[in-house]
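Here's a quick briefing to read alongside the model. Have the sequence and the 3D view open as you go.

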Amino acid sequence: MKILTAEELRQSVDTPIFRLIGEVADAEGMECYVIGGFVRDLFLERPSNDVDCVVVGSGVRMAKAVAQKLKEQTGRKPHLAVYANFGTAQIALKGLELEFVGARRESYSHDSRKPVVEDGTLEDDQNRRDFTINAMAICLNGQRYGQLVDPFNGLDDLQAGIIRTPLDPDITFSDDPLRMLRCVRFAAQLRFDILDETREALHRNAERLKIISGERIQEEFNKILLTQRPSRGLYELYYTGLMQQFLPELCALDVVDTRNGRAHKNNFLHTLEVVDNVAAASPDLWLRWAALLHDIGKPKSKRWDNALGWTFHNHNFVGAKMVPQIFRRMSLPLDARMKYVQKLVDLHMRPIVIADEEVTDSAVRRLLNDAGDDIDDLMTLCEADITSKNEVRKKTFRENFRMVREKLADLKERDYKRLFQPCIDGNEIMQLFGLQPSREVGLLKQRLKDAVLDGEIENEREPALALLRAEAEKIGLKICG
């Protein structure tokens, strides 16, 4: 963060476009300010292409006047989008998005986050902002050009790394519950601390999230998942009671049962560690979702075994079946992205089992066949899943995973699709033996596939036909003709 003097702040907005906006504001007789994220990011030295301008008057009128002035200066009319119902307008320039809105005061009903809006002053508009660090404004009018208006000491909170609301947090969050997720998101993105009073209000108002749509929740949640260390935001969501409102399955992992002196690990904290490990390895959102949900089936599959202790057999399969329900609730895409997450959740134990035993060619072939083009992401997830505190065991896993990766690289280099997709498919099997789709076709097809994957035969036509003849005879079938 950089502390800007008054002169440095004025110079930071001393650009042709801001000067033009200020001149238009003076000509129209309106106060105009840059406000919100752009101002915050000036001090944080973060690039920002979205500029919010608040006008004491009509934002639409101001935008139209700015667009006209730009046309006069450049000879080209900029793209102007007017949203009359919201009293806002946007001007798209090269590398810059300007939004103009009239200053307003808002009031809310208990069952909606859509406010009743009235014209207001700059003070009214700053009062309605979500956090102090987003309520700072810089004047663009000529006489006060570059002057910071910071009634809630947002600059001090930026320096201290604190997230807090301008007014009573209970009112701020109850009025618009989405602000609670934004609170956690900003804390995670900026690596700031949430003020204790503000965090307590999150907990008190958590159930208000029920009036927020899945689309808005997942938009903020995805931004948290995409942060450098997602566990920071995920931890806040859980311990303020917010996550319980939309992802109870993940919250259910925060249980440690003990029997006969034997306890299992806390799978919630383990999951947060795995997500962070994946985040350090990949920026991909859907791989992070797979990490988040990889153990989601453990509460349903947990059993006690007198010999083995706590077990979670088939938790990967149970978890994979839970993925579509979670995606629907959160209005996440139900297309190939959901199937990708489901696939990785289902397969995430396979490389671990291989690495825990002898790394055989046959096992690696089967893994590559089932994972297909997602094999590298699956391996990244599985390596992230190594969170054991036993350094010897961790070292063994890592060495075995290295061997798995070497074998995978060798197989991919030799064109695994050609090697492992049997050269005789189900349609040809039906023609060879005069069959309709049936159990027998499935048995022969699977037997051939197993033989190829296990290296029992070369994936060539003559060995494949010989194996099919032998297997067909066992069930009373012969090749036609």
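Asn 153 sits in the loop between S9 and helix H6 (154–160); helices (H or I, at least four residues) and strands (E, at least two) are DSSP runs, numbered from the N terminus. This is a predicted model, where local features need pLDDT of at least 70, side-chain atom pairs count only at pLDDT 80 or more, and totals for chains, interfaces and linings use all residues. Residues are numbered from 1 along each chain as its sequence is written, and side-chain values use heavy atoms, leaving out hydrogens and water.

**Positive phi in loops**
- Most residues other than glycine have a negative phi.
- Asn 153 has a phi near 60°, a positive value in a non-glycine residue.
- Asn 153 is partly exposed, at 40% relative accessible area (buried is under 20%, exposed over 50%, partly exposed in between; 1.4 Å probe, protein chains only).
- Ser 331, no glycine either, has a positive phi of about 55°.
- You'll find Ser 331 in the loop between helix H16 (315–329) and helix H17 (336–347), partly exposed at 28%.

**The sheet**
- Seven strands make an open sheet with mixed pairing, in the order S3-S4-S5-S2-S1-S8-S9 (two strands pair if DSSP finds at least two bridges between them).
- Strand S3 (79–83) and strand S9 (148–149) are the edges, each pairing on one side only.
- Strands S4 (residues 88–93) and S5 (residues 96–102) run antiparallel, joined by six bridges.
- Leu 93 stands opposite Leu 96 in S5.

**Helix H14**
- Helix H14 (residues 285–293) is mostly covered, with nine of its nine residues buried.
- Among the buried residues are Trp 286, Arg 288 and Trp 289.
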